[in-house]
Amino acid sequence: MTDILMPALSPTMEEGVLAKWHIKVGDVVSAGDVIAEIETDKATMEVEAVDEGEVLEILVAEGSEGVKVNTPIARLAGDDAAPAPKKAEAAPAAEAPKEAPKAEAPKAETKAAPAPVAPSGERIFASPLARRLAAMAGLDLKAIKGTGPHGRIVKRDVEAAQASGGATASAPAAAAAAPAAAKATTSLAQLGIPDGTYDLVPLDGMRKAIARRLVDSVNNVPHFPLFIDVELDALMEARAQLNKMLEPRGIKVSVNDFVIKAAAMALKAVPEANASYTPEGIAMHHNADVSMAVAIDGGLITPIIRKAETKGLAQIATESKDLAKRARERKLKPEEFQGGTFSVSNLGMFGIKQFTSIINEPQGCIMSVGAGEQRPVVKDGQLAVATVMTVTLTCDHRVVDGAVGARFLQAFKPLLENPLSMLA
Amino acid sequence: MSDFDLVVIGSGPGGYVAAIRASQLGLKVAIVERENLGGICLNWGCIPTKALLKSGEKFESLSHLKEYGLSASGASFDFDAIIQRSRGVAKQLNQGVGFLMKKNKIEVIEGTAKLEKGSAAPKVVVTLNKGGEKVLNAKNVMLAVGARARALPQIGLEADGDKIWAYRDALAPKTLPKTFVVIGSGAIGIEFASFYRALGAEVTVVEAIDRIMPVEDEEVSKAAQKGFEKRGIKFKTGAKVTKVTKSAKGVLVAIEVGGKAETLEAEVCISAVGITANTDGIGLEALGVELDRGHIKTDSHCQTNVKGLYAIGDCAGAPWLAHKASHEGIHAAEHIAGFATPNVNSPIAGCTYAQPQVASVGVTEQGAREAKREVKIGRFPFRVNGKAIASGETEGFVKVIFDAKTGALIGAHMIGHEVTEMIQGYVTAITMEATEEDIHGIVYPHPTMSEAMHEAALDAYGRVIHI
């Protein structure tokens, strides 16, 4: 008798959604078989069986949320004849092990995808590198034609599939749902949009997570926005000078890097804005861990500049560039995008003048940054031209009241308008 | 009407292997050879040099007997017997190829081939060694005509078999000269330098690039030079040869090092400055066969731009290695027989059988950096490997290069005792597209020097055990 436990997909994961079972009672699994899909906030990962044996019991139903790490989720027959513990006992006993993983222990996200099991139960032959490349690119090996010995999938096949994009470029979860794509949703037909007038793109883990989290946020959080205009002329000048100095180091500081730095400093000045509402109390965060929204194919992700208040612009620039790059390659580790205390979303590059964002729970605020543009301003009673951008702070009224948000923006604005003050 | 499905021109390790594979696949095959079956490799290259080097290595090992608690006196060698052994080895293998041709029902035609316009493929006109001419019509023709030592007549570097030797002269000299200048520090130059030095000759190797064995990883180059210098070989690197002239005593080699002129004198100069493809005199121009920097241009199935004409091995470009020729020959034969293998690219290892040996496959660290690839590099020295210590063979190290993003093994570089026998482990790993996880998971037998291969791969990921 062996219990299969809810796995930790990252060092910080405490619970997850059991998105899908690939096994049912009576199935015989062997080590390496994909038995389930587990979803965390931003990723869906396949879970492989470690032991082998017949599935005796499924202890957690498909779709269950908040399944704690190390909770038994299924039971396999083994050579151990001990009676099975009752379900009720097993669940609360589980606790996430706090042991830090070894530095170079294989990490979930870099581990080669397990051999997917075709519907017939046949093993898919693919080289180790091909498996890893497919996993990194979110490609389904089942949809790739192998050209290696005996039709083995090799690197060039994954590269070809990646280059051709399209049908094969779907996450494993999406591919599993692919047959459903041919069908239409009943909800749209009821609303007068007939079948055949649209293509249905299956929901992948990221899309589901975005949908769930943002609907929750809108429903749970009393949002309100505050707007402020920030003049950027001094900042643009300082940025030009700084980038000239940093050029030999190959570093280029963006306006957004300044925004992250200024926001972090303002959060230190007005710590009430760096807070999270919890039923037990308001969590006042010690560090300004700034999440930056990065658009990626098929969604967005918010990698974090940790302790941004302690970091110089060059370092923030370097980190943000690296994080954005790896975000687009879908190579962030869960701890790199989970657990920020404040978010910055910037649509300035698209020419958006101003916008409000939905709060990234449990954060207290999210800042929306518009485009810097030349606008007429009145200075000393005279009409003048200045580079101005509009910044919106959307606040969770449960933790950040209007006056607190306003004080935060009051601290934030002068930092950007007189960038030298960031040195103080 | 075709007499053959395939006519292979040249019976070196590319040609004869291709002929056998084609015959296995049911094709009717003929092979044309103007000299010896087995080509340069068996008769005047890979094999006879290994025979010489083994004699040199065994002789050198006698001077280390004391380290193993042994003693012997009156160690000496018979140069003529060493050469005769090497020739005997070549002869044995040459006869072996003859046997393989017969076994596989491949018609061997001794003569020199020339191509002319044909229908399905070019017509092969053979001037027979025994006199007369034979015309072969085939559905496919495969050029496996190899290459020869490059001569540089503009500086007087042309082998004469007397004072200036090419590999062929160096393999069967009548007497053993006392002093050598070897021009070129690639595998061929280094192997001859190593052999003649082992027999006690004074050897100076001249290399135009600023480091020896320029195709190898820089760290290996450096270690190799140290190892050879320890054995008494002298090096002139970054040295441009300006003139080679014969003198009363032997030969004068004028060089320029860092703008300063210098002259080296020796009884014999060995020219090892690369190779020239044997593309002349076989009618390629008239057929319009495309060349690329002196080599026959081929696609990923070894096809030339002329219908029905394939080219493999040295004549079709670098690396100029027998195993690359064999691999291409097999691929081309399978392509002719209608197999759809995707392409011919596989990692090709390079081996140098000097003391110490050098073996490598894939990219060098410099190559990876120039290509701006993010890499993870691991190293492991033999001096802390148990088997190496027990064997008294602690010279050298293993270095591996992984792609940092994907964990794919992309390069391996080894220097030390019998590393040429070990490199295939990494070749297998690269060919099968192993990642670091796979190599880390392999159980290497203990005690073997191959454990250093495991340790180097572990080291690249900060997991090395024995350092």
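Tutor: We begin with a definition: two strands pair if DSSP finds at least two bridges between them. Keep in mind that this is a predicted model.

Student: What makes strand 12 and strand 13 of chain B a pair?

Tutor: Strand 12 (residues 239-246) and strand 13 (residues 251-257) of chain B are joined by 7 bridges, and the definition asks for at least two, so they pair. The two strands run antiparallel, and V241(B) stands opposite I255(B) in strand 13 of chain B. A hairpin of 4 residues connects strand 12 to strand 13 of chain B.

Student: How do you know that strand 13 of chain B pairs with strand 14 of chain B?

Tutor: Between strand 13 and strand 14 (residues 260-266) of chain B there are 7 bridges in the antiparallel sense; at least two are required, and therefore these strands pair as well. V251(B) has A266(B) as its bridge partner in strand 14 of chain B, while E256(B) stands opposite A261(B) in strand 14 of chain B. The hairpin of these strands has 2 residues between them, and G258(B) takes a positive phi near 55 degrees there.

Student: Why are strand 12 and strand 14 of chain B said to stand at the edges?

Tutor: The open sheet has 3 strands in the order 12-13-14 (chain B), with antiparallel pairing. Strand 12 and strand 14 of chain B each have a single partner strand, so one side of each is left without a neighbour in the sheet, and they stand at the edges. From one strand to the next, the twist averages 25 degrees.

Technical notes
Residues numbered from 1 in each chain as written. Chains lettered and ligands numbered in written order. Predicted model: local features only at pLDDT ≥ 70, side-chain atom pairs only at ≥ 80, totals over all residues. Axes fitted to C-alpha atoms, helices over the stretch in contact; angles between N-to-C directions.
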